[in-house]
Amino acid sequence: MKRVLNLWQWSRSPSGRWWCGLVLSCLLSVSLGTIHQSPTLAQDPGGRSFPRMTSPRENLCPPSALSRVRSHTVAPGETLEAIAEEYDLFPTTLMGMNPQVRNGLVRPGMRLRIPPYDGIEVNVSPDDLWSDLAEEYNVRADVLFEANNCNPPTDVAFIPGANWYPYRDTPDPTPTDDDPGASPVLAEYPLPSPVEPLLGYGWVLPPGASSVVFHSGWDLPATVETPVRASEDGIVAFAGVQQPYGNLVVINHSRGRQTRYAHLASLDVEQGEFVDAGQNLGTVGRTGTPDVPQPHLHFEVRNNSELGWVAQNPDTYL
């Protein structure tokens, strides 16, 4: 107790006061230095300061698709189809991004813009919202938001998965009851006359099979060499051999729709070619690995989605 009193008495002396002041100054300097080194806290409007734990938006969103567009200089001997295959794109995607090759031809020395994935570049009105564009192009609004760096629409936007459609650069109109062109029904039957499918769409038991399988289209009976016709205007995305389809023609249409024509004997169109509804694509054959032994056309209707080209029941469209 006596020592405590002596220490208190010393602190009241002139020398004691000087030493106490020096110690307090040092402690205050250390405290202020720690405060300056601590992160600045965001201000909550109308409240006290509190720490924000969220990262900047740029770290949460991938770079926009348009910021990732690359350049490709056409080399001698290259074709549009070969370039598209190199970058895992449809030739129609390159046509949409590069108006100078919309005739399907490239020349050595041409510089092409190559997007990171399939889609189209569109002009955007000042008042457009992602929900508006989602409805126009049949693409989810959150997908558009992320593909464009999580920012509001600006002058130009990238629409992932959308098809560039021949003869137009504008979006497909939103279907209405008063617009007969907006009907999901295809313009033409893929054969000269309607027939009853040998094998329908969905889970089926093919002849000779021991278990059911999912059948992605219709097998329409027809004699070999029967003409096969395009069901809608569009552009040929693929024309060639692909197993188990055999000789296959794939056509991209407006409104994110696609049709496929398989097991053909011959092909009358080429990849990148514009076709009209009713135009001959080839003839019925027996190529590939068909599910039924009789000669037939395997016909599919698919819609574009975030899961890819999803098969639909042709009964909805024919």
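A disulfide is taken here as a pair of cysteine sulfur atoms within 2.5 Å. The structure shown is a predicted model, in which local features need pLDDT of at least 70 and side-chain atom pairs count only at pLDDT 80 or more, while totals for chains, interfaces and linings use all residues. Residues are numbered from 1 along each chain as its sequence is written, and side-chain values use heavy atoms, with hydrogens and water left out.

**View 1. The disulfide between C61 and C150.** By the rule above, the model has 1 disulfide. The bond joins C61 to C150, with an S to S distance of 1.4 Å. The pair links distant parts of the chain, 89 residues apart: C61 lies in the loop between α3 (57–60) and β3 (70–73), and C150 in the loop between α7 and β6. Helices (H or I, at least four residues) and strands (E, at least two) are DSSP runs, numbered from the N terminus. C61 is buried because its relative accessible area is 11%; C150, at 7%, is buried as well. Buried means under 20% relative accessible area, exposed over 50%, and partly exposed in between (1.4 Å probe, protein chains only).

View 2. H215 counts as buried because its relative accessibility is 3%. The side chain of H215 reaches the backbone oxygen of G217 at 2.9 Å and makes a polar contact of 3.3 Å with the side chain of D219. A polar contact is a pair of N or O atoms within 3.5 Å; within protein, one must be able to donate a hydrogen and the other to accept it, and residues adjacent in sequence count only if both atoms are side-chain atoms. Leaving aside residues up to four places away in sequence, H215 touches L199, G200, Y201, G202, V204, D291 and H298, where contact means heavy atoms within 4.5 Å.

**View 3. H253 in the loop between β12 and β13.** Strand β13 comprises residues 257–267. H253 is buried because its relative accessibility is 1%. The side chain of H253 reaches the backbone oxygen of D233 at 2.8 Å, and a polar contact of 2.7 Å connects it with the side chain of T259. H253 and N163 stand 90 residues apart in sequence, with 7.6 Å between their C-alpha atoms.

**View 4. Backbone geometry at P244, D88 and N149.** The peptide bond from Q243 to P244 is cis, with omega near 5°. P244 belongs to the loop between β11 (234–242) and β12 (246–252). D88, although not a glycine, has a positive phi of about 60°; D88 is located in the loop between α4 (80–86) and α5 (91–97). With a relative accessible area of 67%, D88 is exposed. N149 likewise has a positive phi, near 65°, in a residue other than glycine. N149 is placed in the loop between α7 (141–147) and β6 (156–160) and, at a relative accessible area of 22%, is partly exposed.

**View 5. A nonpolar surface patch that includes W203.** W203, L205, V212 and F214 make up this patch of about 470 Å². W203 lies in strand β7 (residues 202–204) and is exposed because its relative accessible area is 64%. Accessible areas come from the Shrake-Rupley method with a 1.4 Å probe; for residues, only the protein chains shown count as cover.

Note on methods:
Patch = residues over 30% accessible without salt bridge, like charges linked within 9 Å, V, L, I, M, F, W, Y side chains within 5 Å. Salt bridge = Lys/Arg side-chain N within 4 Å of Asp/Glu carboxyl O.
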